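Please open the model in your viewer and keep the selection tool at hand. The tour below goes from stop to stop, saying at each one what to select and what is there.

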Protein chains: 2
Amino acid sequence: MFKFKIQKQSKKTLSRAGVIETAHGNFKTPVFMPCATAGAVKGISSEELKNIGFEIILSNTYHLFLRPGEKEIQKLGGLNRFMNWDRPMLTDSGGYQVFSLGKNFRDYAEEIKEAILVNVKNDGVWFKSHIDGSKHFFSPEKVIEIQKDLSSDIVMVLDECTEYPATLKRAKDSMEITHTWAKRSIDYWRRFGNKKQAIFGIVQGSVYPKLRRESVKYISSLGFDGLAVGGVSVGEGKANMKKIIRNVGPILPKDKPHYLMGIGEPEDIIFATKYGFDMFDCVLPTRLGRHGTCWVTKNWSKFNKIDLRKSQFSQDKKTIMESCGCPSCKAGYSKAYINHLFKNNEMLGLRLASLHNLWILAELIRRIRRSI
Amino acid sequence: MFKFKIQKQSKKTLSRAGVIETAHGNFKTPVFMPCATAGAVKGISSEELKNIGFEIILSNTYHLFLRPGEKEIQKLGGLNRFMNWDRPMLTDSGGYQVFSLGKNFRDYAEEIKEAILVNVKNDGVWFKSHIDGSKHFFSPEKVIEIQKDLSSDIVMVLDECTEYPATLKRAKDSMEITHTWAKRSIDYWRRFGNKKQAIFGIVQGSVYPKLRRESVKYISSLGFDGLAVGGVSVGEGKANMKKIIRNVGPILPKDKPHYLMGIGEPEDIIFATKYGFDMFDCVLPTRLGRHGTCWVTKNWSKFNKIDLRKSQFSQDKKTIMESCGCPSCKAGYSKAYINHLFKNNEMLGLRLASLHNLWILAELIRRIRRSI
């Protein structure tokens with residue numbers, strides 16, 4: 001069950017305002033999806049997310065597969081029920097974590113790289129759990145089955161998130177793995193997919209316009225419910241990121257939702273919506289918040305980051321941002337107090353900062369939508 | 001500004017229901033005060049405390065004196081304004097922390113003991129900061145000045161919290177220090193006290209009924225606004241604690257509020273209210289919650305503790321407690337989900353458990369009050 005309706009198309013840019021219908025209700029686009037990595041947006045409850053105005057969240061297949069396991073979640077009534085979230089849910093495929101966590105876990109890195117080199121071009125990818133080192137295998141079919149058990153509304157296909165930098169040759173080889181997997185995914189979905197769920201394909205191609213065009217063309221041809229663009233925000237830098245957005249946005253099929261994966265800086269979201277992107281996700285609001293950093297803005301087009309742990313805020317009676325409607329600022333918590341909380345490792349501090357950042361993105365998206 | 005009015009007196013026990021008027025508004029008694037140790041109830045916002053129904057909270061002079069400092073808080077408009085808490089506030093004297101933290105910080109223990117031995121019978125007590133090891137001095141007058149700067153509604157006098165076990169001789173000597181300090185406190189308060197604040201004296205005397213009676217008599221004679229009983233919950237065991245409550249409760253002056261310090265087990269609160277105690281504080285609700293332990297009850301007279309981290313809960317679809325009105329149970333979070341959150345070190349788990357425990361005590365107090 002999935003419908004995408006464009007309600008308004010900007011005349012000046014590719015921006016569009018729409019609505020997506022899923023088994024767990026509708027959500028408006030453009031949309032930002034907070035990340036409930038291990039089944040929870042760090043420190044924030046489902047009620048708080050709803051109060052801020054989020055209509056859809058993202059959960060990570062990789063984390064939930066490892067713990068508690070998709071079968072456990074299925075027994076508990078699916079991921080929505082488990083998390084007490086009754087609105088739409090997107091699950092990623094786990095591909096990004098398999099590849100990126102592999103790079104971070106130095107102890108396993110060599111072995112994982114080897115495993116990837118050996119296996120990645122065949123059926124799928126072997127990886128080691130970051131929790132206990134146990135070995136697991138993800139294939140395009142397997143991650144679909146996991147996401148069926150999780151009962152999310154939007155299922156993502158397994159892709160290879162091409163690392164940066166990558167040579168043209170390497171980027172092309174990597175993209176072809178993603179394409180092979182995409183084809184297998186849609187074939188499998190047509191036979192065994194759950195009609196209540198939608199499935200999105202993922203475009204790769206690194207920073208090479210030719211590859212990106214080829215990838216858009218191929219992935220679009222497979223008939224997915226939506227198109228995601230991956231392999232951005234992997235260290236390619238702002239200029240390259242913008243280039244990809246400018247190249248890819250305009251050639252994505254107009255009648256499908258466009259999801260730019262892993263992007264969460266306010267300016268980047270503003271930029272990408274002008275090129276027709278509808279969906280965004282990122283761990284930034286809570287990751288920054290946990291470290292005391294908050295976005296502030298005066299005009300909603302330029303954003304600054306302030307680090308509330310700095311002593312310059314220890315006597316600042318003002319809230320994080322003037323005329324801000326976030327739960328922290330609206331209640332009246334001062335920067336001095338939040339500074340004090342961080343100095344004392346009081347978790348209320350990171351919660352207030354995270355709630356502020358989440359609200360900033362929710363409000364930004366509302367403003368973008370109104371302006372279309 | 002302080003008024004205590006008894007609205008209802010039980011005919012069967014010494015229980016009474018009352019209301020206390022302070023500069024920051026009224027609160028009903030019996031009352032439980034959550035502890036905002038370093039200016040925050042661990043992980044819980046002021047709005048959440050209000051929603052659960054708390055009318056007064058306690059903050060720790062020791063912690064706030066060390067960081068950010070009472071002068072900083074004064075510059076920021078006082079502790080209520082700093083914490084964004086507009087209801088009544090009690091501050092302890094710091095005495096308990098000076099003595100109990102001294103015992104815990106092994107590196108400093110010898111030196112602190114020595115310092116206490118040298119200084120405690122004279123002007124006050126020297127102690128070392130648990131944050132940076134810096135040396136500080138608390139006297140009865142000094143802790144009053146600090147609490148004046150904090151602008152709390154109820155100021156506690158400096159006492160020596162007698163350790164357990166203590167010989168009769170040691171307990172008597174210790175009590176006499178507390179008495180000397182109490183006299184100095186009230187004398188100082190009469191000259192320099194803030195009329196907007198109230199001041200409570202503290203009864204000591206360890207487990208010795210004779211000393212406790214002597215202490216009640218002396219402290220009551222000094223004209224404090226309220227009477228606190230300290231030196232309980234210091235390792236004396238339930239039987240001794242109940243003995244102290246039974247001995248002391250009935251002889252406290254009826255027209256003053258009776259505050260039993262550091263008590264927070266539901267059964268102990270029920271027991272103590274029967275002996276006329278009106279006020280309670282404890283870190284237990286959040287301390288237990290942080291470690292995954294929750295109170296549950298069927299009849300509100302017997303309470304069990306369950307450890308949600310245990311694997312027996314990993315498939316339990318039910319909320320922490322049946323027909324519970326806490327923010328976690330009311331929203332519908334299952335024990336299986338909270339178990340998962342603890343396994344993943346997701347702070348949402350300890351927040352849900354803490355909110356549940358806080359609500360249990362708030363609800364228990366409401367039920368006790370209604371039953372009087």
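## First stop: a residue of the core

Begin by selecting A:I57, which, leaving out residues up to four places away in sequence, touches A:M33, A:P34, A:A36, A:V41, A:L49, A:W85 and A:M89. Keep in mind throughout that this is a predicted model. Now widen the selection to the largest nonpolar core, which has 229 residues, and in which A:I57, A:F200, B:I57 and B:F200 are those with the most contacts inside it. As background to this stop, nonpolar side chains in soluble globular proteins tend to be buried together.

## The two domains of chain A

Next, colour chain A by its domain assignment, which gives domain 1 as residues 3–282 and domain 2 as residues 289–371. Taken over C-alpha atoms, the centres of domain 1 of chain A and domain 2 of chain A are separated by 28 Å. Where the two touch, domain 1 of chain A brings 19 residues to the contact and domain 2 of chain A brings 19 residues as well.

## A glycine in helix 12

Move on to A:G289, whose place is in helix 12 of chain A, residues 284–290. Is A:G289 buried or exposed? Since a residue counts as buried when 20 or more other C-beta atoms lie within 10 Å of its own, A:G289, with 26 C-beta neighbours inside 10 Å, counts as buried.

If you show its contacts, leaving aside neighbours within four places in sequence, you will find A:G289 in contact with A:C294, A:L350, A:A353, A:S354 and A:N357.

## Where the chains meet

Now display both chains together and select the residues between them: 31 residues of chain A are in contact with 31 residues of chain B. On the side of chain A that touches chain B, helix 4 (79–83), helix 14 (335–343) and helix 15 (347–371) of chain A each supply at least two residues, and the largest share, 5 residues, comes from helix 14 of chain A. The residues of this side of chain A divide into 14 nonpolar, 9 polar and 8 charged.

To see how the copies are arranged, superpose them: chain A can be laid on chain B with an RMSD of 0.0 Å by a turn of 180 degrees and a shift of 0.0 Å along the axis. The two copies are therefore related as by a two-fold rotation axis. Select A:M347 to find the residue of chain A that comes closest to the rotation axis, at 4.3 Å for its C-alpha. The same surface serves both copies, with 100% of the contact residues of chain A recurring in chain B.

## A hairpin in each chain

Select strand 2 (residues 16–22) and strand 3 (residues 25–29) of chain A, which pair in the antiparallel sense over 5 bridges. These strands of chain A form a hairpin with 2 residues between them, and A:E21 stands opposite A:N26 in strand 3 of chain A.

Turning to chain B, 5 bridges join strand 2 of chain B to strand 3 of chain B, again running antiparallel, and a hairpin joins these two strands through 2 residues.

## Last stops: the backbone in loops

In chain B, select B:R67 and B:P68, between which the peptide bond is cis, with omega near 5 degrees; B:P68 has its place in the loop between helix 2 (61–66) and helix 3 (70–75) of chain B. A cis peptide bond also joins B:Y164 and B:P165, with omega about -5 degrees, and B:P165 is in the loop between strand 9 (154–156) and helix 8 (168–192) of chain B.

Finish in chain A with A:S151, whose phi is near 60 degrees, a positive value in a residue other than glycine. A:S151 is in the loop between helix 7 (140–150) and strand 9 (154–156) of chain A, and it counts as buried, with 23 C-beta neighbours inside 10 Å.

How values were computed
Residues numbered from 1 in each chain as written. Chains lettered and ligands numbered in written order. Predicted model: local features only at pLDDT ≥ 70, side-chain atom pairs only at ≥ 80, totals over all residues. Domains from an automatic or database assignment. Contact = placed C-beta atoms within 7 Å. Core = buried A, V, L, I, M, F, W, Y, C linked by C-beta atoms within 7 Å. Buried ≥ 20, exposed ≤ 12 C-beta atoms within 10 Å, placed from the backbone. Helix = DSSP H or I, 4+ residues; strand = E, 2+ residues; numbered from the N terminus. Nonpolar A, V, L, I, M, F, W, Y, C, P; charged D, E, K, R; others polar. Least-squares fit on C-alpha atoms with pLDDT ≥ 70 in both. Pairing = 2+ DSSP bridges.
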